[in-house]
Structure formats: C-alpha cells, structure tokens
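I opened the notebook for this chain and wrote down each thing I looked up. The entries follow in the order I made them.

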Amino acid sequence: VYDVVVTGDSCTTGSITKQWEIKTGTMSLSCSNINTIYDGNEHSIKVTAPENTTLTYSTDGINYTTTNPSFKDVGTYTIYYKASNPNYEDAEGMATITINQLQLSITWGETSLVYNGQEQVPSVTFRNIKGDDEVNITAMSGHGVNEGDKYIATILGIDNPNYKLPSEASIKFKITPIIIEV
C-alpha cells in the first residue's frame with residue numbers, strides 16, 4: 001500500500017492524502033506434455049513463464065530444485081513445477097513425459113543353411129539401434145537340425161526394454177543336405 005500526497009502549489013493551499021495499492025497479477029504458465037518414441041536422447045519439459053520468474057521442479061511433488069529433470073529411457077514420468085515472481089501470485093502445474101518403445105527393424109541373414117549336425121537358425125541383425133545401446137536376443141524358437149524346408153525361426157524376446165519386436169519377427173528357412181565330394 002502506497003500513500004500518495006497531493007499538495008497545493010503557490011496559488012492553492014492544503015493537501016490531500018490517498019492510499020494506492022498495487023496487487024500482484026495472476027501468472028500465466030504453459031507447459032505441454034511430451035509423448036515420444038525412444039530415441040536415445042534425454043527429454044525434459046519446457047515451462048513458459050513471464051520474465052524474471054524462478055522455476056523449480058520435482059518428481060515427487062514434495063522436494064523441489066531448480067534443476068529441470070530429464071529422462072531417456074522408456075516410461076511415463078510426472079514432473080511438478082512451481083513458479084514464483086515478485087509481480088505475480090505463485091503458480092504451479094505438472095506435466096508428463098511419456099517415452100514409448102522403439103520398434104526394431106530386423107534384417108535376417110541367409111535362409112538356406114547347409115546341414116552341419118547342429119541346431120541352426122538364420123542370423124539376425126537389428127538395424128535401428130540408437131547410440132551405444134545393445135540389444136540381444138533372449139529367446140528364439142524354430143531351430144532346425146536336419147535337412148528340410150519347413151522351419152520357421154521366431155524371435156521371442158530381447159533384453160533391452162527401450163525396444164520392442166515388430167509384430168512379425170519370424171522367417172521361413174531351410175536346411176539343405178551337405179555335399180560330400182568323393
């Protein structure tokens with residue numbers, strides 16, 4: 001609350017005092033949720049606020065810090081934020097970051113294998129692995145041993161939760177007889 005005093009000049013006498021109050025405004029914040037596919041990069045929210053606003057962030061809604069958290073791995077993360085500015089009433093909000101699994105692209109190796117007396121399947125290469133990530137097959141069915149053309153190799157599992165198999169992760173293959181030259 002401020003006092004404003006108006007005093008007369010050389011032609012008038014007296015003065016009047018009035019009180020004047022400047023109230024804080026309502027702060028307008030904006031922040032969008034993020035929904036993306038795993039790309040190997042860190043993701044964080046962006047809060048738009050008036051100039052000179054201090055933002056703090058939390059992942060539990062209790063403990064706040066000025067560090068904006070970022071996330072890389074598949075999952076859904078909730079970020080709470082608070083904004084304070086001397087010209088506005090404090091404001092708060094929340095946003096989510098959802099990172100979905102990246103579907104692998106599969107390249108199968110040779111599908112005509114030569115009998116060797118051992119279980120065999122075609123080799124597999126995953127083409128769209130990000131950065132230094134590793135993805136290994138944890139389970140596969142359809143191993144063939146004997147000569148025949150009715151084998152189907154199917155990838156059943158992988159070890160990296162940031163990736164998922166395509167809906168069709170199978171291939172037909174055959175084992176041909178070994179040629180022995182005498």
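In which sense do strand 14 and strand 16 pair, and over how many bridges? I looked this up in the model, which is predicted. Strand 14 (residues 148-158) pairs with strand 16 in the antiparallel sense, over 5 bridges.

I stayed with strand 16, residues 170-176. Strand 11 (residues 112-114) pairs with strand 16 over 3 bridges, in the parallel sense. There, serine 112 stands opposite lysine 174.

Then I went back to strand 14. Strand 13 (residues 137-141) is joined to strand 14 by 4 bridges, and the two run antiparallel. Alanine 139 stands opposite glycine 157 of strand 14. The hairpin of strand 13 and strand 14 has 6 residues between the strands. In that hairpin I noted a positive phi near 95 degrees at glycine 142.

**Entry: asparagine 160**

Next I checked the loop between strand 14 and strand 15 (163-164), where asparagine 160 has its place. Is asparagine 160 buried or exposed? Asparagine 160 counts as buried, because its relative accessibility is 11% and the cut-off for buried is under 20%. A polar atom of its side chain lies 3.1 Å from the backbone oxygen of glutamate 134. I also listed its contacts, leaving aside neighbours within four places in sequence: Asp133, Glu134 and Val135.

Strand 5 pairs with strand 6 (residues 75-84) over 5 bridges in the antiparallel sense. Threonine 56 has lysine 82 in strand 6 as its bridge partner.

**Entry: the nonpolar core**

Which residues touch the most other members of the largest nonpolar core? I found Ile45, Val47, Tyr57, Phe126, Ile155, Ile158 and Tyr163, out of 31 residues in that core. At least two residues of this core come from each of strand 5, strand 6, strand 8 (91-100), strand 10 (106-108), strand 14 and strand 16. In soluble globular proteins, nonpolar side chains tend to be buried together.

I then took tyrosine 57 and set aside its neighbours within four places in sequence. Its contacts include Ile45, Val47, Asn63, Tyr64, Pro69, Ile79 and Tyr81.

**Entry: serine 28**

I moved to the loop between strand 3 (25-26) and strand 4, where serine 28 lies. Serine 28 counts as exposed, because its relative accessibility is 58% and exposed means over 50%. Not counting residues up to four places away in sequence, serine 28 touches Thr48, Ala49 and Pro50. Threonine 48 is 20 residues from serine 28 along the chain, and their C-alpha atoms are separated by 8.4 Å.

**Entry: whole chain**

The chain has 16 strands and 0 helices. Its radius of gyration is 33 Å, but a compact globule of 182 residues would have one near 16 Å. Along the principal axes, the C-alpha atoms fill a box of roughly 130 × 30 × 25 Å. I noted 27% of the 182 residues as buried. Among contacts with a separation of 6 or more, 51% come from residues 24 or more positions apart.

How values were computed: Residues are numbered from 1 along each chain as its sequence is written. This is a predicted model: local features need pLDDT of at least 70, side-chain atom pairs count only at pLDDT 80 or more; totals for chains, interfaces and linings use all residues. Side-chain values use heavy atoms; hydrogens and water are left out. Two strands pair if DSSP finds at least two bridges between them. Buried means under 20% relative accessible area, exposed over 50%, partly exposed in between (1.4 Å probe, protein chains only). A polar contact is a pair of N or O atoms within 3.5 Å; within protein, one must be able to donate a hydrogen and the other to accept it, and residues adjacent in sequence count only if both atoms are side-chain atoms. Contact means heavy atoms within 4.5 Å. A nonpolar core is a set of buried Ala, Val, Leu, Ile, Met, Phe, Trp, Tyr and Cys residues joined through side-chain atoms within 4.5 Å. The radius of gyration is taken over C-alpha atoms; the globule rule is 2.2 Å times the number of residues to the power 0.38.
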